[in-house]
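Student: I would like to learn how to read strands and disulfides in a model, one feature at a time. Could we go through them together?

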Amino acid sequence: MRDTGEGGGGDKISKTEKDQSWIPKIIKKRVCTTFVEDSLSNGVQCQCGGARDAHASVALGDYFSTAMVNHWDSAQHSSEYPTDAFGELQFVGVSRRHSYFLRLSWDTPPSAVYNLMTGNWGLPAPNLVVSVVGGEDRTKVKTWVREVLRQGLVKASQSTGAWIVTTGMREGVGGCVGEAVRDHATAASSVSLNKVVALGIAPWGMVHNRQQLVNPQGSFPAKYSIENTSKDFCCLDNNYQAFLLVDDGTVGRRGGETRFRAKVEEYISHQRTGIWGSGSIDIPVLCMLVSGEASMLERVDRSLKTCMPWLVLAGSGGLADFLSDVLENLSLAPASNEVDGEVGPSVDLKDRVAERFKKHFPSEAESDKLVERALSIYQNRDFITFYHGEQEGPNDFDTVLLKTLVQASKQRTSADASPYSEELKLAVTWNRVDIAKSELFNGDIKWRYEDLEDSMTDALINNKPQFVRLFTENGLNIMEYLTYGRLENLFRSVADGTVLYQLLQCRLVERLGTAPPVPTFSNLQDSSNVAAGNMKSSPVADISLFEVAGVLDLLMGDVCQSFYYDALGLEQTSSKRRALKRASKLLRSDCLYRAERCPYPWASLFIWAVLQNRSEMAIYFWEMSVESVLSALSGCKILRELSKLEDETETKLSMKELAQRFENLAHDVFGSCYRSNESRSFTLLITQSQVWAGTTCLQMGMGADARLFFSHDGVQIWWGDMKRNTEVWKLLLTFFCPFLCYTNLITFRKQEDHQQEEGGGGPNEDGQGRDSDSLYGTTIFSFSDIKNIEADAQGATSPRTAAIKGIPHSHTPPKRPFIVSRWRQFWFAPVTSFLGNVLMYFLFLLLFAYVLMVDFKPPPPSGPSNTEYVLYFWVFTIVCEEIRETFFLGIVTWRQTMRVYIQDVWNKCDLVAIMLFIIGLICRMFESSYGFGRDVLCVDYMVFTLRLIHIFAIHKQLGPKIIIVGKMMKDIFFFLFFLMVWLMAYGVANQALLYSYDPRLDHIFRRVFYRPYLHIFGQIPVEEMDGNIIFGKEWDMECTDNVTLIQGGAEPCRSLSNNWLVVILLIVYLLVTNILLINLLIAMFSHTFTVVQANSDIYWKFQRYNLIVQYHSRPSLAPPFIILSHINLIIKRNIRKVPSLKIHHFVLQLSKKETNRLMTWETIQKEDFLTAQTKIQRNSDSERLKRMSVKVDGVVKHMAENRDFDHRLRALENEMEYCSNALSWIVDTLAQGSTFKPPRPPPTLKDEFASSPNSA
């Protein structure tokens, strides 16, 4: 019974069959093996409900045993066999959604069934189980009960993630629950659609058409038809996700599933909530009684003895009304008496319970036993809550469920425990922060740290950021909470199947020595498979901070040092192999570091949330962490690196969206800092962070490719200390006439502004006057201060050097003479260095062109000329500068140096140009290779000229266009692929049709590739391709058909037999290439242009920042004069031994005290930004509509309460009227009698009311 046409592909079905193939080996069914005659059926039927003919011969053969048995028992008279009904269930003509079903014996272990449902069937683990008991017959369910089930129970289950357990039949309460689940599925969103799981536990013998489910190999799916049934059987409801069909060997008998259902509920109540059972409480199980028969008293009594809470719908009829009458209306005074030291119910109470039992169940025969059950229930009445649906309404049903469970939990908890902790854990489990705020965190309860600790862990692991925020705001100290051990536990709770889980496993198996070395981005997939194969030998519980540090090193190792090495006692400079050995030795010991507190808890939690792509929680942790700009850029970096490893499209897209959001936050917060103070914001950009492993905002932004962040004016330090609005002609004029920099032609920023700020400051805690900037850290007063720090590095304790190295100082940098400071401000600006390099590069190209076209002399001894020697020297200085850029980047290893250098496209271009120049220079020195060398130099000139494209990228209009050209080059490669397919197909076919035999390879390649390429541009030799006379032209080339002559090089004649096919192919080829492919290329170009042009300013500024970094690190002199700077550097480094500080691009080290001040200032700016954003959000239309909706809901609720008060007032008026009439009757009766003589007549109430206005 398999259907591969619906419900998924064949691979999915075969996988499902494989996953459930073990079921018949473990799960059994029950078959009646002893025929016990039913006295009312004249020997035709067994007491199990089955007919005599349906029993096997073994069951009918033992007449002696049958004669000795009076009552059929499932345990004694039935046997177990492998189940023959399991798999997926499809309801024919009703729903295309498949449900799961399983036929099982009543004594099946509930653990196996629960693991099957949550593991193989994929049902989400519940946060609550509501078992609806009663209402299983065909009587009509009351209207208000239907509303409670639809608006109350299912809605509460949606918000809590609950399982609703019923019989799963299309009758009574089970049918009502199915309809409610169907209505919820229709109205709910896709996110909350799977939160409500309806589980049916029904007796197998009561299922109509159950033979359609029988298949020993399993049904995937089984076709099940719903029909009108008789009174003995009932159909399954198509709105349930799963069915457990309990088999006790009976047919057409109810109640066979009761024992198994009770065992399943008890088992689930001992399982933990949350992901992998990581919750702080066991799964709460609640039984809800609707109506019910008297026989259910035994079920209620047994579950109450196991402390199972019950919610009884009073007024629904049957047993529910009886329990409500007994437990709510009986007097509690004579509750028990003591006889012979034993406590039991009083005789009076027992009589009253028996009286009420006969009132509600007059036809019950065994009333004494049931009364005893009722009295036992009375003793455990604290676990029962009554819900009067006709009076309370279904809207707050979830609160009723919570209070019912809390009331039951208070009876189980010890006196030392907090009375509200269980209620808090339930609220966290259900993710009902509204209940927690209104009931638990309203200011009336003083929470202790111990009460919030477990709930905080539950909220973190199960992604409940609103509770994390609530706990933090109400007494939980995050510094005390987050230790290294707890942080490791958080990483161990990562869900399997995620990229982070695979990365952690790869690092874990590397440490345990069961896998190859740690993967890079290129071989991650293979290593992930290796890690998956070794999963059993490397459990998740072994994950430590060393694995976390390895993952962060893989994602951010190019911009950061290793994380958590200090906690593990490892050195930052140690090799990976040495660190691996030391970490393995440390983790085999006691691991004392796990008890230490994490120094930066919010940053660690931020990394943990970002690695799992938890957006809301990551945003909250970012708001709470320090160094907000760097933290946002780090989150952007991590997410963009993770998105490269993610395979699922939806997850990859969400990672990119969250990364862009963090980049926007970094841009906006830095904008707020920049508006507050420009120089201090620049200090913020270049300060090394201790939180983020020694990196800076600029380094992290480059690593994250944060183009929007670099488009901010505060990052664009292109003009140095000159004003940003300086005109280019003024710069050029000053460049050629340097003494103009001392005039007012160019405006510079004044340092006196900073000094004025200094004068306004008072004495600080050190007793020394400080400027306002120094309250938040060291301020870089001038761009030239960091441009050439090594000029002051000779004095180790000079004030300026101390400021840069983070040594506390008590005064500002010394003021240089005006002539020196203005000269440095002009010539050390990146724009000046860039302008000098551009002018000299143009001179270099002119010299190169002059040598190639005018003054390129023969090999020695006649040449080279003097100008050519100047050219050689010029190129030599360029090579020296490339060597300096390559090997003086401050990177430790040679391999890292080369990798960073090669990553730049223009460095590759420089490398090609230099190599070609060297090859051409060597070849032109020899007579034999002189011509080849000149050709190489000509090509090399083209390469050097193309280098101008990178220089022109600085221009605001040309820069985006150059980016567009670069992206269009990628489009051309895709276009050439399609073009090459058509070109080869047409070229080969055209050559074969025109020339039957032509062995000349050079002609074949020209006609197969070159000629069809020229056809695109209209160069078509029609006289050769068309055998007929076209426009009076004929093909007049001499040809031959002699094979020998053709092999000798003669021109072969054309083949005219298939000339019509050649013309058709030409038409098709031109149609596809000139119309289809060319227009496709134009469309691709248009799309690229539109995308880049829309963000042209961002692209241009990001590209300009790369030039800023490049020309900041370069000497101010341009080639060939740059050789002087190189000689100066050699003297400083090798002779005078002065260390270089310029290799650290824009890196500033501050003292701890100054860093804290800077972070305080940044935090203030972040808070101002968040306040402004919150204000804007509150004034938005959506927020106004939400507030209006809340107000309307409040008005509606008050109106409902007013209607309730109105009903109560009317009822009170009726009672008052009745009392008034009764008193009037008593007065009249006493007045007419002669026994009692009143001293005065009775009062006249109506006359007083009537006369009161007149008296007033």
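Student: In strand 14, which residue is the bridge partner of Leu313?

Tutor: Leu313 has Tyr387 as its bridge partner in strand 14. This is a predicted model, in which local features need pLDDT of at least 70 and side-chain atom pairs count only at pLDDT 80 or more, while totals for chains, interfaces and linings use all residues. Residues are numbered from 1 along each chain as its sequence is written, and side-chain values use heavy atoms, with hydrogens and water left out.

Student: How many bridges join strand 11 to strand 14?

Tutor: Helices (H or I, at least four residues) and strands (E, at least two) are DSSP runs, numbered from the N terminus, and two strands pair if DSSP finds at least two bridges between them. Here 4 bridges join strand 11 to strand 14 (residues 384-387), and the two run parallel. Strand 11 also pairs in the parallel sense with strand 10 (residues 285-289), over 3 bridges, and there Cys287 of strand 10 stands opposite Trp310.

Student: Which way do the residues of strand 11 point?

Tutor: Trp310 and Val312 point one way, Leu311 and Leu313 the other, and all are buried, where buried means under 20% relative accessible area, exposed over 50% and partly exposed in between (1.4 Å probe, protein chains only).

Student: Which cysteines does a disulfide join?

Tutor: A disulfide is a covalent bond between the sulfur atoms of two cysteines, counted here when the sulfur atoms lie within 2.5 Å. The structure holds 1 disulfide, joining Cys1039 to Cys1053 with an S to S distance of 2.1 Å. Cys1039 counts as partly exposed because its relative accessibility is 35%, whereas Cys1053, at 18%, counts as buried.
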